Amino acid sequence: MAVIRRGEIPRPPHGVDENQDLIYTQKGFFGDWVHVFRHHNLGVPASWSDDDLVWGGADTGLLAPTDLDKPSGEPLLLLEGDGVRVLVSRRSQVAPFAEKNADYHQIRFYHRGEFVIETELGPLTAGPGDFVVVGKGLIIRERPSTSDNFVLIFESAEEIVCAEAMWDSVGFTSFFVDYSDMGLPVPGRPSEAGQTDVRVWSEGRWHQLTYHFDPCTDVIGWMGDPVIYRLNVEDVPAPGTSRGFLPPPAHAVLMTESKSWFFNVLGVPPSPTQPAPLGSFGAPAHSNDYDEVWFNHASQFLPHNLGHMWLFPRTVPHPGFKRPPSHPPNPVTKYDEIKINFDTRAKLHWTPEAKEAFLEGDVRTNGFLSLNGVPPGGVAGRERGGT
Ligand SMILES: [Fe+2]
């Protein structure tokens, strides 16, 4: 379809000036779109009839799943929707059973802690910044070697694929995601452990299978596709342009074939080389029919925001944080800044337990300071004629 324009276009869409941008997209980020130039930010309403209509954030570090101090405990559900769940586990001791999830594939994001994950295909290690994909129905058992642990679990009823598949239609782009550094379970020497219980999540509740052996320690070999594997946030550079921000699917690492969700790792993108009004830094306000989850994994500049999780619902545009670009001083240094982002067609709802950890104060101020690290006056309040 041809891209058309009407009215005043004050500058290129990648630039920034006294006007606000709003990007409206359909089918998540995969359908028709329009880039709107306007006077105000639609992501910042004056009031709302229900808190679930607007963005909300929680300090997940305040949450205490029952697996924090009970070996037989379980993760805590934070968000749920059709075919998607987000949970947190803080397991500090190995469980007296192995686990099998018959309802969901998983991305297990290791925010804190060191683990050996025993699996049906052999052991795999995991530490901070690792994320492990576990195919639906595979048996695992986490053995933590640290006590202060934090694992964010994204569950999907649909199969998980590498987001490289998204770029096939345009040819080789790579975006430098290093899937070749994928960690795979390697069978070790089988051990003859005795009777083993397997806790099974099926049709929305726990069940149990019992074997006369340990299914995670008797494997001697396997061949086939990667159905359980580990990647790390450092395998995913943050792509950028000389003029402006690349929207979320450019940062996707994992997804479903139907694009019902995609999982992004966002490091610090390169600073644009063009000054305003041609260049800009950060996402503009945007609106679509997916819900969006954010998690602060690493932040050297805003360490008090580590572990903050945000849900940006489809009912209000995301206000963005587009602003004039600036350059970091030389010498070039590594920034330790990583956010995890999950965009999903599923309408997500916070659980009452997660709401117990909601950030206090004005959700708008919290949203800008916690997630974007900028005061709202620098972006949302940037009215026509302002700075
Ligand atoms: Fe967004």
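Into which domains is the protein divided? In this predicted model, the division gives domain 1, made up of 20-59 + 240-323 + 333-372, and domain 2, which spans 64-232. The C-alpha centres of domain 1 and domain 2 lie 27 Å apart. Their contact takes 31 residues from domain 1 and 29 residues from domain 2.

## Overall form

The protein has two helices and 23 strands. Its radius of gyration is 22 Å, close to the 21 Å that the globule rule gives for 387 residues, so the protein is as compact as a globular protein of that length. Taken along the principal axes, the C-alpha atoms fill a box of roughly 75 × 45 × 45 Å. Of the 387 residues, 41% count as buried. Among contacts between residues at least 6 apart in sequence, 75% join residues at least 24 apart.

On the side of domain 1 that touches domain 2, the elements that give two or more residues are strand 17 (252-255), strand 18 (261-266), strand 20 (291-299), strand 21 (308-312), strand 22 (337-344), strand 23 and helix 1 (352-355). By class, this side of domain 1 has 20 nonpolar, eight polar and three charged residues.

The largest nonpolar core has 67 residues, of which Leu78, Val253, Phe263 and Val293 touch the most other members. Domain 1 and domain 2 both give residues to this core, so the core lies between them. In soluble globular proteins, nonpolar side chains tend to be buried together. Leaving aside neighbours within four places in sequence, Val253 is in contact with Ala163, Val177, Leu231, Val236, Phe263, Asn264 and Val265.

## Sheet and strand pairing

Strands of a sheet pair through backbone hydrogen bonds, either parallel or antiparallel. An open sheet of seven strands has the order 16-10-7-12-5-4-23, with antiparallel pairing. Its edge strands are strand 16 (228-232) and strand 23 (349-350), each of which pairs on one side only. Strand 10 (residues 130-134) pairs with strand 16 in the antiparallel sense over five bridges, and Val134 has Ile228 of strand 16 as its bridge partner.

Strand 6 (residues 98-101) has Ala98 and Lys100 pointing one way and Glu99 and Asn101 the other way, and all are buried. Strand 6 runs parallel to strand 14 (residues 196-202), to which four bridges join it. By contrast in direction, strand 6 and strand 11 (residues 139-144) run antiparallel and are joined by two bridges.

| Strand pairing | Direction and bridges | Residue pair |
|---|---|---|
| Strand 10 and strand 16 | antiparallel, five bridges | Val134 and Ile228 |
| Strand 6 and strand 11 | antiparallel, two bridges | Glu99 and Ile140 |

## Helix 2

Which residues of helix 2 are buried? In this helix (residues 363-372), they are Asn366, Gly367, Phe368, Ser370, Leu371 and Asn372. What covers the buried residues of helix 2 includes strand 3 (56-59), strand 20 and strand 21. Strand 20 and strand 21 are also among the elements that give two or more residues to the side of domain 1 that touches domain 2. Helix 2 is followed by Gly373, whose phi is positive, near 70 degrees.

## Two loop residues

Met182 lies in the loop between strand 13 (161-162) and strand 14. Because Met182 has 14 C-beta neighbours inside 10 Å, this residue counts as partly exposed. Not counting residues up to four places away in sequence, Met182 touches Pro226, Tyr229, Arg230 and Leu231. Met182 and Asn232 are 50 residues apart along the chain, and their C-alpha atoms are separated by 8.3 Å.

Asp289 is placed in the loop between strand 19 (285-287) and strand 20. Why does Asp289 count as partly exposed? Asp289 does so because 13 other C-beta atoms lie within 10 Å, whereas a residue is exposed at 12 or fewer and buried at 20 or more. Leaving aside neighbours within four places in sequence, Asp289 is in contact with Gln26, Gly28 and Arg314. The C-alpha atoms of Asp289 and Ala2, which are 287 residues apart along the chain, are separated by 22 Å.

Terms used
Residues are numbered from 1 along each chain as its sequence is written. This is a predicted model: local features need pLDDT of at least 70, side-chain atom pairs count only at pLDDT 80 or more; totals for chains, interfaces and linings use all residues. Two strands pair if DSSP finds at least two bridges between them. Domain bounds come from an automatic or database domain assignment. Two residues are in contact if their C-beta atoms, placed from the backbone, lie within 7 Å. Ala, Val, Leu, Ile, Met, Phe, Trp, Tyr, Cys and Pro count as nonpolar, Asp, Glu, Lys and Arg as charged, and the others, Gly among them, as polar. The radius of gyration is taken over C-alpha atoms; the globule rule is 2.2 Å times the number of residues to the power 0.38. A nonpolar core is a set of buried Ala, Val, Leu, Ile, Met, Phe, Trp, Tyr and Cys residues joined through C-beta atoms within 7 Å.
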